[in-house]
Amino acid sequence: MTPGQKFRAAVQAERPLQIAGALNAYAALLAQHAGFRALYLSGAGVANHSHGWPDTGKTELADVLIDARRIAQRVDLPLLVDIDTGWDDPGRAVREMAGAGVAAVHLEDQVPAKLCGHLPGKHLVPTAEMVARVKAAVAGKPDRDFVVMARTDAAANEGVPAAIARAQAYVAAGADMIFAEALRSLDDFRAFAAGVKVPVLANLTEFGQTPYFTVEELRATGVAMILYPLSASRAAAAASREIYAAIRNDGTQKNVTGRMQTRADLYDILGYQPPR
């Protein structure tokens, strides 16, 4: 199966499909170990963790591509990648991602100097401009099964009906799936799933506009995918801060080793048998 076929099969096999955010190959192995069927590489995560930057559109295709390639080469789960606004050439971005083993990408309808989808002050391009982005991305698909997902941030600025109208235009332009950003209620998701005749993704990022709905709640709305883009990385960052502080303050790590992964567990996740 091609990566795109694997992603589409996962969407059909698990409704809604839970997609785990993974910022590197080891995180991807952990998610696979937990039983997830699909993975996600966040553009914000690449900016924050690979570069130490906020998610303001500073990263380029090459920045995201290197992390995507490492994940796709190590883990045999389909990978969805955030390609922001498609940069200068959405078709090239799709071709490069597909060449790296990625199964699916999503691109959004914000202006290039984008913001996190759950922050105020977002600015969107006109529908026609996003339609052109989608068409360019679709033209770069290596095969019909590679997934081009169109994300709309319009609900926050223009309202849910306008966001659905945008999504319908993106589907007409060739988008295979829709990423509905920053919806606030189950009724919003229900309206999206009913109004858009392709699979719809719900983004459950923490500390944002969308409540922490359960799988069962979102299944009832007709949503096809649930994304947890940065959950594990947020937890890892919080734990790392505490460990650094403890070592610095105590002058030793012995008081916090119980909160660390053991060498044996690391080797188990890596599938490594050290020499005896």
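Helices (DSSP runs of H or I, at least four residues) and strands (DSSP runs of E, at least two residues) are numbered from the N terminus. The structure is a predicted model, in which local features need pLDDT of at least 70 and side-chain atom pairs count only at pLDDT 80 or more, while totals for chains, interfaces and linings use all residues. Residues are numbered from 1 along each chain as its sequence is written, and side-chain values use heavy atoms, with hydrogens and water left out.

Trp87 lies in the loop between β3 (79-82) and α5 (90-99). Although Trp87 is not a glycine, its phi is positive, at about 55 degrees. Pro16 is found in the loop between α1 (3-13) and β1, and a cis peptide bond with an omega of about -10 degrees joins Arg15 to Pro16. Pro54 has its place in the loop between α3 (43-50) and α4. When neighbours within four places in sequence are left aside, Pro54 is in contact (heavy atoms within 4.5 Å) with Ala47 and Asn48. The C-alpha atoms of Pro54 and Ala173 are separated by 31 Å, and these two residues are 119 residues apart along the chain.

Helix packing is considered next. Two packed helices are described by the angle between their axes and the distance between the axes. Here axes are lines fitted to C-alpha atoms, for helices over the stretch in contact, and angles run from 0 to 180 degrees between N-to-C directions. The axes of helix α2 (residues 25-34) and helix α12 (residues 263-270) come within 9 Å and cross at roughly 85 degrees. Therefore α2 is roughly perpendicular to α12, a term used for angles of 65 to 115 degrees. Tyr26, Leu29, Leu30 and His33 of α2 meet Leu266, Asp268, Ile269 and Leu270 of α12. This contact of α2 with α12 has six nonpolar, one polar and one charged residues. In this classification Ala, Val, Leu, Ile, Met, Phe, Trp, Tyr, Cys and Pro count as nonpolar, Asp, Glu, Lys and Arg as charged, and the others, Gly among them, as polar.

Helix α2 also packs against helix α4 (residues 61-74), at an angle of about 40 degrees and with the axes 8 Å apart. This angle makes α2 oblique to α4; oblique covers the angles left over when those under 35 degrees count as roughly parallel, those over 145 as roughly antiparallel and those of 65 to 115 as roughly perpendicular. The crossing of α2 and α4 is right-handed, that is, the near helix is turned clockwise from the far one by less than a right angle. Ala25, Ala28 and Leu29 in α2 meet Arg70, Ile71 and Arg74 in α4. The residues of this contact divide into four nonpolar, no polar and two charged.

Helix α6 (residues 127-139) and helix α8 (residues 160-172) pack at about 35 degrees, with their axes 9 Å apart. α6 passes α8 in a right-handed crossing. Thr127, Met130, Val131 and Val134 of α6 make the contact with Arg166, Ala169 and Tyr170 of α8. By class, this contact has five nonpolar, one polar and one charged residues.

About 790 Å³ of space lies in the largest pocket, where volume is the space filled by probe spheres set on the points, and points are joined across faces, edges and corners. The largest pocket is lined by 27 residues (those with an atom within 4 Å of a point). Tyr26, Leu30, Ala232, Ala236 and Ser240 lie nearest its centre. α11 (231-250) gives the most to the lining, with nine residues.

Conventions. 1 Å grid on protein atoms, 1.4 Å probe; cavity = no way out; pocket = protein on both sides within 12 Å on 5 of 7 lines; lining within 4 Å.
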